[in-house]
Amino acid sequence: MRAAMSAAEVGDDVYGEDPTVNRLEALAAERFGMQSALFVTSGTQANLLALLSHCQRGDEFIAGQTAHAYRFEAGGAAVLGGIQPQPLPFASNGELPVDAIRAAIKPDNIHFARTRLVCVENTHNGIPLSLGYLDSVAALCSEQGLALHMDGARVFNAAVALDVPVQDIAQRCDTVSVCLSKGLGAPVGSLLIGSAGLIDRARRYRKMLGGGMRQAGVIAAAGLWALEHNVRRLADDHAHAERIAAALRDRFGDTIRQATNMLFVDLPEAVLAPLLAHMRAQGVYVHRERWVLHRDVLEDDVARVIEAIRSA
Ligand SMILES: *Cc1c(COP(=O)(O)O)cnc(C)c1O
């Protein structure tokens, strides 16, 4: 990846003249089966551009109470777009229940903000959304004249877990954001993918936000490398997470939730604290209750984690 970055052919992307950025955007559009893609600095920027491009001031988007696009993005849609969120609780399987979405859609009445957009998250806490669920949300959106955005920061983990091409997921949505960083291993960068018209609008907002980058091919080359080399291997991360979850269950019972590359360790403090202390003493550092596998955690590392759990 570093070698590809150093060898990247570059131009001025603000003028659409960086060949490496253009290749990345074309490849992403093709992989997602959508018309157009935009290379952006972060997943947060990709989601914000989607919200600004789908909604006007006084419009509303429906999202999960703990969704990244609602809870973890500093209220950007409200601050910069005058767009109101309507948060709803996620079901434990990461879905926003279709009936709850339907009930939250505001009638066309001068008292209310205009509901315009539904925002789903895939994966949510590592859990991939089923295609059947996406079909039912997409059907509701089209019946109600709403757009559907997917915060697909980890959508490739979902595609690999469901064993479907990512375009089977994307085609159910109007826009998808995806992180090239995180599991795919690029140092920086995300993509927003959708129809040509919507991506044109997003490109203007990206410039407005100061996200127009010049010789961005240097970092786009990392994204291209990630799409070409680091997608299928996500299955390794999922297998590693499963093995660690199995070791935890053997030792601590069934309080471990694991999906794709994430593990949630719901243990009482009196059990968790000594476990973490023991693991640290073995040289294994983990976040308290949310453990995430990625390409830099190798086979040997997984074996060490499992050994540390077994000997706890
Ligand atoms: C990480 C993440 C983002 C945002 O990505 P950044 O590149 O960190 O801004 C958006 N949504 C989800 C679900 C994420 O996990």
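Modeller: Helices (H or I, at least four residues) and strands (E, at least two) are DSSP runs, numbered from the N terminus. By that rule Ala69 belongs to helix H4, which covers residues 68-71. The model is a predicted one, in which local features need pLDDT of at least 70 and side-chain atom pairs count only at pLDDT 80 or more, while totals for chains, interfaces and linings use all residues. Residues are numbered from 1 along each chain as its sequence is written, and side-chain values use heavy atoms, with hydrogens and water left out.

Ala69 has a relative accessibility of 9% and therefore counts as buried (buried is under 20% relative accessible area, exposed over 50%, partly exposed in between, with a 1.4 Å probe and protein chains only). Setting aside neighbours within four places in sequence, Ala69 is in contact with Asn47, Phe61, Cys119 and Asp151, where contact means heavy atoms within 4.5 Å. From Ala69 to Asn93 the C-alpha distance is 18 Å, for a separation of 24 residues in sequence. Gln45, in helix H3 (residues 43-54), is also classed as buried, because its relative accessibility is 10%. Apart from residues up to four places away in sequence, Gln45 touches Val40, Arg206, Leu209 and Gly211.

Now to the spaces themselves. On a 1 Å grid over the protein atoms alone, a cavity is a set of points where a 1.4 Å probe fits but cannot get out, a pocket is an open set with protein on both sides within 12 Å along at least five of seven lines, and lining residues have an atom within 4 Å of a point. A volume is the space filled by probe spheres set on the points, which are joined across faces, edges and corners.

The largest pocket has a volume of about 390 Å³. Its lining comprises 26 residues, and those closest to the centre are His68, Glu121, Arg154, Lys182 and Arg290. Helix H3 makes the biggest contribution to this lining, with three residues, and strand E9 (262-265), like H3, supplies at least two. Six residues of the lining are nonpolar, 14 polar and six charged (Ala, Val, Leu, Ile, Met, Phe, Trp, Tyr, Cys and Pro count as nonpolar, Asp, Glu, Lys and Arg as charged, and the others, Gly among them, as polar). The largest pocket lies between domain 1 (2-228) and domain 2 (234-310), because both give residues to its lining; the domain bounds come from an automatic or database assignment.

The second largest pocket has a volume of about 310 Å³. It is lined by 15 residues, of which Arg31, Phe156, Val160, Val231 and Arg232 are the closest to its centre. Helix H8 (155-162), helix H9 (166-170) and helix H11 (217-229) are the elements that each give two or more residues to this lining. By class, the lining of the second largest pocket has eight nonpolar, three polar and four charged residues.

The largest cavity has a volume of about 50 Å³, and among the residues that line it are Ala153, Arg154, Val155, Phe156, Lys182 and Leu234. The elements that give two or more residues to the lining of this cavity are H8 and strand E6 (175-179), and H8 gives the most, with three. Seven of the lining residues of the largest cavity are nonpolar, three polar and two charged.

The backbone has some local features to inspect as well. The peptide bond from Asn122 to Thr123 is cis, with omega near 0°, and Thr123 lies in the loop between strand E4 (114-121) and helix H7 (131-144). Asn125 is found in the loop between E4 and H7 and, although not a glycine, has a positive phi of about 50°. Thr260, in the loop between strand E8 (256-259) and E9, has a phi near 45°, a positive value in a residue other than glycine. Thr260 counts as buried because its relative accessibility is 7%.

Turning to charged pairs, the structure holds 15 salt bridges, each a side-chain nitrogen of Lys or Arg within 4 Å of a carboxyl oxygen of Asp or Glu. Arg172 pairs with Asp135 in one of them, with the closest N and O atoms 2.7 Å apart. Arg172 is in the loop between H9 and E6 and Asp135 in helix H7, so the pair ties together parts that are 37 residues apart in sequence. Asp59, Arg114 and Arg116 are linked in a network of salt bridges.
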